[in-house]
2 protein chains.
Amino acid sequence: MERVEQHASFGGRQEVWKHASPVLGCEMKFAVYLPPAALRGEPCAVLYWLSGLTCTEQNFITKAGAQAHAAQHGLIVVAPDTSPRGEAVPDDPAYDLGQGAGFYLNATQAPWAAHYRMQDYVAEELPALVERHFPASSGRGIFGHSMGGHGALVTALRHPGRYRSVSAFSPIVAPTQVPWGQKALTAYLGDDRDAWRTWDAVELVKTATERLALLVDQGEADEFLATQLRPELLQAACAAAGHPLTLRLQPGHDHSYYFIASFLGEHFAHHARHLLA
Amino acid sequence: MERVEQHASFGGRQEVWKHASPVLGCEMKFAVYLPPAALRGEPCAVLYWLSGLTCTEQNFITKAGAQAHAAQHGLIVVAPDTSPRGEAVPDDPAYDLGQGAGFYLNATQAPWAAHYRMQDYVAEELPALVERHFPASSGRGIFGHSMGGHGALVTALRHPGRYRSVSAFSPIVAPTQVPWGQKALTAYLGDDRDAWRTWDAVELVKTATERLALLVDQGEADEFLATQLRPELLQAACAAAGHPLTLRLQPGHDHSYYFIASFLGEHFAHHARHLLA
């Protein structure tokens with residue numbers, strides 16, 4: 001592990017680290033915000049942020065205004081990159097496949113299977129690393145945006161008991177039913193639609209054994225709402241399964257970080273309620 | 001005027017506009033945040049943000065977290081670009097001269113004099129445009145970062161009575177005495193050091209007729225502190241002239257937007273106290 005950036009921020013410190021990832025078979029960067037409490041050595045719960053298509057570990061830490069909330073609640077915030085990276089890692093010229101578009105799953109198909117194991121990275125390797133190197137308590141929350149909202153929901157639903165809180169901004173709730181998801185699932189998993197279902201929040205809610213409350217914010221002016229995001233599918237699945245969901249449609253809001261920043265404080269409050277209880 | 005971006009943000013709207021600037025002889029973009037009160041048509045005071053070297057109208061609106069504060073205080077926030085722009089506008093390959101480095105002055109030397117009139121743009125043309133197109137009251141404040149901190153101090157000091165509040169993050173307080181400033185002043189104004197002094201906050205404080213209180217935050221870990229920024233020169237000049245200055249040295253903080261974001265709420269509170277009094 002090597003620290004490649006550090007900036008004082010709201011009494012804490014925004015850092016970026018790089019490390020060799022055995023799971024992904026490449027070098028990875030992740031961002032970590034250490035609140036004032038962590039700098040004093042107090043154990044802090046860790047909130048994982050998963051970013052959307054084309055993002056790196058930088059987008060969230062530069063654009064969301066997260067540090068003020070993290071400092072206030074005493075939460076460590078970890079933001080990984082969105083895929084394995086590097087010249088040795090397969091890629092695709094499209095923005096929605098390959099590097100920058102890992103979809104937080106474990107690929108089974110060539111040429112992706114060797115490196116594209118983002119689910120194991122964000123759910124296992126990265127938390128182990130974080131909990132070893134920083135003053136982290138055992139409390140974990142997870143949230144994200146768009147592809148990362150999908151990632152947060154799926155990662156929490158696949159790991160009952162591992163996260164105390166989950167939320168999402170404009171998530172891809174049903175990748176098996178929308179173009180972004182179908183393209184990625186076909187490439188990474190092949191044509192077996194049974195395999196697809198294990199990476200789809202709407203499908204996972206149907207059989208979830210843990211009733212982790214979901215908080216989802218969605219902008220009504222989001223250009224991807226009707227084609228790629230379709231939160232009504234999650235709403236129907238949660239209603240049918242009796243899974244707790246708070247879905248909030250936000251008038252006028254688009255898919256951008258201006259939307260995320262506007263409601264991020266409320267997401268932090270949601271996570272803090274569960275993580276600090 | 002044409003709106004080229006709009007995003008819902010904290011109950012208000014972040015917009016970007018482009019327009020033909022007669023003063024600069026080119027097309028310009030500026031960002032404007034309209035708080036909820038402005039969307040309701042209520043007259044709001046206007047706070048002008050001047051960015052630093054290499055920035056455009058985008059940096060502040062994407063990285064500073066300003067919209068939350070602007071919404072809270074009911075202030076319109078305008079962020080112009082940092083120089084004239086376009087293929088017809090002279091430029092220099094260096095990051096600290098030409099496009100992206102207008103230094104908020106009116107150039108007198110070839111090839112710059114025809115377009116580089118950023119002082120007239122930010123102090124006159126832009127406010128007139130803003131006050132015509134948006135529900136702006138007559139209250140104006142100004143602040144900025146680095147080259148833009150210099151711009152804010154100099155613009156306020158050169159126009160007694162025009163601004164009710166001024167503040168700066170890591171400003172170039174004495175461009176006549178530091179490399180960034182000396183390079184720019186030589187290029188834009190030639191070798192006449194008497195002309196230079198009229199664009200130097202430390203010089204202007206000596207003869208200021210208006211005692212506008214200056215608030216300056218400066219990171220102690222700023223890599224440009226000792227060579228380019230030198231806030232102690234402003235402190236000495238203000239002490240000698242009896243000019244009110246609050247200079248705060250912030251331990252651990254660097255020159256980045258992480259620093260700006262950390263103290264931006266306090267700057268908004270400072271401006272709101274004066275603008276909404």
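Colleague: Happy to look at this predicted model with you! How many residue pairs are in polar contact across the interface of chain B and chain A?

Modeller: Good place to start. For a pair to count here, both residues need pLDDT 80 or more. With that condition, the number of residue pairs in polar contact between chain B and chain A is six.

Colleague: And how many salt bridges are there between chain B and chain A?

Modeller: The side of chain B that touches chain A has six nonpolar, ten polar and two charged residues. Charged residues are therefore present on that side, but the count of salt bridges between the chains is zero.

Colleague: Which elements of chain B give two or more residues to the side that touches chain A?

Modeller: The contact takes 18 residues from chain B and 18 residues from chain A. On the chain B side, the elements giving two or more residues are β1 (2-9), α2 (58-63) and α11 (257-275).

Colleague: Which three residues supply more of the area that chain B buries against chain A than any other three?

Modeller: About 1,400 Å² is buried between the two chains, with 55% of it from carbon and sulfur atoms. Of the part that chain B buries, 43% comes from one trio: B:Ala8, B:Phe10 and B:Tyr258.

Key: Residues numbered from 1 in each chain as written. Chains lettered and ligands numbered in written order. Predicted model: local features only at pLDDT ≥ 70, side-chain atom pairs only at ≥ 80, totals over all residues. Heavy atoms only, no water. Contact = heavy atoms within 4.5 Å. Buried area = accessible area lost by both parts, 1.4 Å probe. Salt bridge = Lys/Arg side-chain N within 4 Å of Asp/Glu carboxyl O. Polar contact = N/O pair within 3.5 Å; in protein donor to acceptor, adjacent residues only side chain to side chain. Helix = DSSP H or I, 4+ residues; strand = E, 2+ residues; numbered from the N terminus.
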